[in-house]
Amino acid sequence: MKSRANIRVKEKFIEGLLFLSASLTILTTVGIIWVLSSESISFFQEISPLDFFTSTEWAPSNREAPKYGVLVLLSGTLTTTAIATLVAVPIGLTLAVYLAVYSGPTIRKWIKPALELLAAVPTVVYGYFALSVLTPIIREVFPTLPLFNALSAGIVMGIMIIPIVSSLSEDAIRSVPKTLAEASYGLGATKFQTAFKVLVPAASSGITVSIILGIARAIGETMIVAIAAGTKPNLTFNPMGSVMTITTYMAETASGDVEFGSIRYKSIFAVGITLFLFTLILNLISFYIKKRVRNEYE
Amino acid sequence: MINCIKIQVMKVLNKIAALGLVALLASCGSSSSEGEGLSGKVSIDGSSTVYPITAGIAEYYGEENDNVEVLVGVSGTGGGFKKFCIGQTDINDASRPIKDKEIAVAEENNITYQQLSVAYDGIAVVINPANDWVDHITTEELQNIWKSDAGADLKWSDIREGWPEEKIQLYGPGDASGTYDYFNEAILGKELSCRNDYNASENDNMLVKGVADDKYALGYFGLAYYEENKETLKVAPVKDGENAPVTPSLTTVMDKSYSPLSRPIFIYVSSEAIKKAQVKSFVEFYLENAAEVSKKVGYIPMTEEEYTAQKDIFQSFCK
């Protein structure tokens, strides 16, 4: 009897520990949202949100009329993210199909760890790779490319998110019921036709989720763009230009000599919440798609 | 979410870098010894420009005075004065003299204080080594380059006749740094604003890389950084008004001929604070060792007479 009571106490204790660690993640998220929004609210009391989201000028240091047009920074973020997506989606998807449909177990044994290694490279290393290896190579072809540019930062960021896209897509393709592939082969379809006309469309929701997660990762990436994309606020979608992304601005300003509580200080949180909204929307979309997928196969 | 964490991490990394520097200094040994069993706290805040010197001094001082806790914060000159003028801190690091507004706050709180110069800081205007057309640059030309309405497509030929018809690529510190404030005050004055469309970074290494890479680039940063990167950069002598162009160096900053891009940096100490024996001894120690430490962390020491003068000022303030 005694031991049973003992077990019950133990159970309760472990349950409590598990609950605590679960609530810790929620509390952290709530705390971050609270800090972001409370500082942003006092920012928006001084700078109208309309100006913030529509002005095309980013000139926070202008003495008479500081301008906070987040579009300028957003254009930098979107440019680098778009380039990264253009790199990661075709390569990641091809890899996923190859791994799920074509490759034998031996090749898989080599490629999988290599991909995981790609995901484990510190982003600061990626950043310097872009700046001191990739940029000089691209410059051989386009000599007018500035040293700090969106193109090479975007490409390297794309390489960084390939593992996210490929491994999640591969899982999605693998989880397509076997019967679909067999039916396709039975009708005389080739491997290629089965892969791209049956499996990929059937796994499209999972693939979309993988792409969205990759994009979310690219939007929030800081180190690579801070090192290789430049620090020049520039309203442009030109990949050959120097840009300043939202994350670069945050990192730069936070490491400078900004007075605590000043409008500049608060602007870090205002652009931060803009970024947060973007990733939140992307997460919501992927959440919605995931839910739909579950219904499809049940 | 990740970004917030990253910023924290970067801040911590910066701190660690600063500590590393301090550790390096500490290992170099030091002169004069004072420790007479003092204890208590010395709280310091203020400019990030002055921070390396103060942190170095604090480390030296700590070696000889185990029981004195010296806390050095970095809230910026203005942020530091906010605390200093209501008596929260003993000493404020300042890269500019105190402003009237701040003086008013100090008076309201019955804080009397003394300004002490501890070293000089110089700004170097740098160009690419392949740049063979700039033999010197005038303060007026610098103003035309950096003012906010200079135009995004500003060419070298717009600045002086005979210079190439190529766009000037600009590199400089971000507007959150003390160097930025000082450069703009010296070059643009109080009326003009600085342009925003240039490559701005708080990381001087990025600026060095940028200017070293582009034949048509121009940038500026602390003289110490130029000295470290002499091989990859060229410095532009600056001509102020009718004076002859002057190349920045230890000598020209010390004899004040390199103007207006060199400035003294200060510490402020309050009369309330020096009643604490440890604060008084810390300031004396500071003035004694400022020359050595400022040289080590890349600033320019004042002359011996100037330090003696500062010591005299401090002694009479203590009376």
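The model is predicted. Its largest nonpolar core holds 158 residues, and the members that touch the most others are B:W146, B:L218 and B:F282. The element that gives the most to this core is helix α3 of chain A (residues 70-102), with 13 residues. Leaving aside residues up to four places away in sequence, B:F282 touches B:V42, B:I44, B:I57, B:A58, B:Y61, B:V70 and B:I91. A separate second core has nine residues, including B:F84, B:A94, B:A106 and B:I111. In soluble globular proteins, nonpolar side chains tend to be buried together.

B:D121 lies in strand β4 of chain B, which spans residues 113-127. B:D121 counts as buried because its relative accessibility is 8%, and the cut-off is under 20%. With residues up to four places away in sequence not counted, B:D121 is in contact with B:T49, B:L261, B:S262, B:R263, B:I265 and B:Y299.

The second largest pocket has a volume of about 1500 Å³. It is lined by 47 residues, of which A:E259, B:R96, B:K99, B:D175 and B:D181 are the closest to its centre. Elements that each supply at least two lining residues are α12 (263-297) of chain A and, from chain B, α3 (76-84), α4 (100-108), α7 (178-187) and β11 (262-270). The largest share, seven residues, comes from α7(B). The lining divides by residue class as follows.

| Class in the pocket lining | Number |
|---|---|
| Nonpolar | 17 residues |
| Polar | 16 residues |

Technical notes:
Residues are numbered from 1 along each chain as its sequence is written. Chains are lettered from A and ligands numbered from 1 in the order in which they are written. This is a predicted model: local features need pLDDT of at least 70, side-chain atom pairs count only at pLDDT 80 or more; totals for chains, interfaces and linings use all residues. Side-chain values use heavy atoms; hydrogens and water are left out. A nonpolar core is a set of buried Ala, Val, Leu, Ile, Met, Phe, Trp, Tyr and Cys residues joined through side-chain atoms within 4.5 Å. Buried means under 20% relative accessible area, exposed over 50%, partly exposed in between (1.4 Å probe, protein chains only). Helices (H or I, at least four residues) and strands (E, at least two) are DSSP runs, numbered from the N terminus. Contact means heavy atoms within 4.5 Å. On a 1 Å grid over the protein atoms alone, a cavity is a set of points where a 1.4 Å probe fits but cannot get out, and a pocket is an open set with protein on both sides within 12 Å along at least five of seven lines; lining residues have an atom within 4 Å of a point. Grid points are joined across faces, edges and corners, and a volume is the space filled by probe spheres set on the points. Ala, Val, Leu, Ile, Met, Phe, Trp, Tyr, Cys and Pro count as nonpolar, Asp, Glu, Lys and Arg as charged, and the others, Gly among them, as polar.
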